[in-house]
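Here's a quick briefing to read alongside the model. Have the sequence handy as you go.

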Amino acid sequence: LKLSALPQGLQWLSLSVNSLSSTVDLTRLPSNLTFLDLSYNKLFGPVDVTALPPGLEELNLQMNSFIGNLDLRSLPLTLRVLSGSFNSWNDTLDLSAAPASLLLVDLTHCLFTRLVLSAHILSGAQEMKMDLSDNPYFLPLPPTPAWVKVISSSQSSDSLALMGQQLRSFTAMLSGCDPVNISWQL
């Protein structure tokens, strides 16, 4: 899928539910793009998200057949929503350098086996919602800073909500895992 030929002034693009079947290059998108939705297609192969447009606010890649490592260490500082569920990304989910603007991360039903978080990623955010359910076990969980709170909902899968609260410990209830108590010194 050749997205490099799109007009540079393009700000919003949705190609969802089009049965598109190819690899995709996200490294040469229009510089003014703020919204990109490629969900519910048949896109495949590795995908590079390290050179996204600097003003991108929403990226939806869910329900495709992407594989390999998903490098999230160079996301745009403006990104608010990252949705990539139901893909075959694997290995480490590294959110240690995620932008403070990020409010929603949905990476359910992938193949991540390790989670990396850092306290600085939410220095300016009020609340961040993260759904990582139905990934292989994230145990042991990383050292967890005071802004992490786990909320369990009977109406949906367990979710990890990151909030600006000074907690001393919590019990993690991630899908497919036994409860894990996490505590730290403040």
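Is D71 buried, partly exposed or exposed? At 23% relative accessibility, D71 counts as partly exposed, where buried means under 20% relative accessible area, exposed means over 50% and partly exposed is in between (1.4 Å probe, protein chains only).

Before going further, bear in mind that this is a predicted model, where local features need pLDDT of at least 70, side-chain atom pairs count only at pLDDT 80 or more, and totals for chains, interfaces and linings use all residues. Residues are numbered from 1 along each chain as its sequence is written, and side-chain values use heavy atoms, with hydrogens and water left out.

**Overall make-up**

- The chain has 14 strands and 0 helices; both kinds of element are DSSP runs numbered from the N terminus, with helices being H or I of at least four residues and strands E of at least two.
- Of its 186 residues, 46% count as buried.
- Take the contacts (heavy atoms within 4.5 Å) between residues at least 6 apart in sequence: 32% of them join residues at least 24 apart.

- An open sheet is built from 4 strands in the order 3-5-7-9, with parallel pairing; two strands pair if DSSP finds at least two bridges between them.
- Its edges are strand 3 (44-45) and strand 9, each of which pairs on one side only.
- Strand 3 runs parallel to strand 5 (residues 65-68), and 2 bridges join them.
- In strand 5, F66 is the residue that stands opposite G45.

**The nonpolar core**

- The largest nonpolar core has 35 residues, and L26, L36, V49, L59, L72, W89 and L107 have the most contacts inside it. Such a core is a set of buried Ala, Val, Leu, Ile, Met, Phe, Trp, Tyr and Cys residues joined through side-chain atoms within 4.5 Å.
- Strand 7 (88-94), strand 9 (111-116) and strand 10 (127-131) are the elements that give two or more residues to this core.
- L107, leaving aside neighbours within four places in sequence, has contacts that include L70, L72, W89, L93 and F112. Its other partners include D131 and N135.

**Salt bridges**

- You'll find 3 salt bridges in the structure, each being a side-chain nitrogen of Lys or Arg within 4 Å of a carboxyl oxygen of Asp or Glu.
- E57 pairs with R80, with the closest N and O atoms 3.5 Å apart. E57 lies in the loop between strand 3 and strand 4 (58-60) and R80 in the loop between strand 5 and strand 6 (81-83), so this pair ties together parts that are 23 residues apart in sequence.
- R80 also forms a salt bridge with E58, at 3.2 Å between the closest N and O atoms. That pair links distant parts of the chain, since E58 is in strand 4, 22 residues from R80.
- D71 and R73 meet through their side chains in a salt bridge (2.9 Å, N to O).

- D94 lies in strand 7. D94 is buried yet has no salt bridge, and the nearest side chain of opposite charge, R73, is 4.6 Å away; Lys and Arg count as positive and Asp and Glu as negative, while His and the chain ends are not counted.
- The D94 side chain does make a polar contact with the side chain of S96 at 2.5 Å. A polar contact is a pair of N or O atoms within 3.5 Å; within protein, one must be able to donate a hydrogen and the other to accept it, and residues adjacent in sequence count only if both atoms are side-chain atoms.
- Not counting residues up to four places away in sequence, D94 touches L72, R73 and V116.
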